[in-house]
Amino acid sequence: MSTSDATADAEAHPRFAEALRELGLDVEVRRFPEATRTAAEAAAAIGCELSEIVKSLNFEADGSPVLVLMDGSSRVDVERVRAELGAAKVKRAGAELVRETTGYAIGGVPPFGHRTKTRVLADRGLLDHAVVWAAAGTPHTVFPLDPASLIGHAGGTVVDVREHAK
């Protein structure tokens, strides 16, 4: 990637930058002129495989927020999430709830550094990679980290919640 495509050590969202400081993490935050709201946009901008992108997907399980970390090439199986949580009902969280609980807008939600403590499920497929890329609090910023550290800092439980071919 050329430096004209991204600005190295760009500013992450202030809340996320503070979380990085509190965790003692020194990661390279890259900012892109075009939004990287979708996994495909992020992979194209970074120049990595789609599966190396971490999607931070917000759900409501019986009214409580849940964050699911999923690789960019897979889809969440909501029934598996429901079963994993022992919940009666799981649905995608609306934009208002996402911003209220995480402090970030959809498309820029990082895996940690949220406004409120949220239960985190991390699909085990993320562990198939040496490095993964996640949002740094804005639709224009991303950062790399090894998946085990990322899941650990997010307080995530490793589970199998991706859709499998029928």
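**Exercise 1. Find which residues line the second largest pocket, and sort them by class.**

Step 1: K55, L57, F59, S74, R75, V76, R92 and E163 line the second largest pocket. Here a pocket is an open set of points on a 1 Å grid over the protein atoms alone, where a 1.4 Å probe fits, with protein on both sides within 12 Å along at least five of seven lines; lining residues have an atom within 4 Å of a point.

Step 2: By class, this lining has three nonpolar, one polar and four charged residues.

Step 3: The volume of this pocket is about 150 Å³, taken as the space filled by probe spheres set on the points.

A word on the model: it is predicted, so local features need pLDDT of at least 70 and side-chain atom pairs pLDDT 80 or more, while totals for chains, interfaces and linings use all residues. Residues are numbered from 1 along each chain, and side-chain values use heavy atoms, without hydrogens and water.

**Exercise 2. Describe the largest pocket.**

Step 1: The largest pocket holds about 360 Å³ of space.

Step 2: Its lining counts 21 residues, with R37, K55, S56, L57 and G107 closest to the centre.

Step 3: Look at β2 (54–61), which gives the largest share of this lining, five residues. Strands are DSSP runs of E, at least two residues long, numbered from the N terminus.

**Exercise 3. Follow the contacts of F16.**

Step 1: Set aside neighbours within four places in sequence; F16 is then in contact (heavy atoms within 4.5 Å) with Y104, P110, F112, A136 and F143.

Note on methods. Helix = DSSP H or I, 4+ residues; strand = E, 2+ residues; numbered from the N terminus. Nonpolar A, V, L, I, M, F, W, Y, C, P; charged D, E, K, R; others polar.
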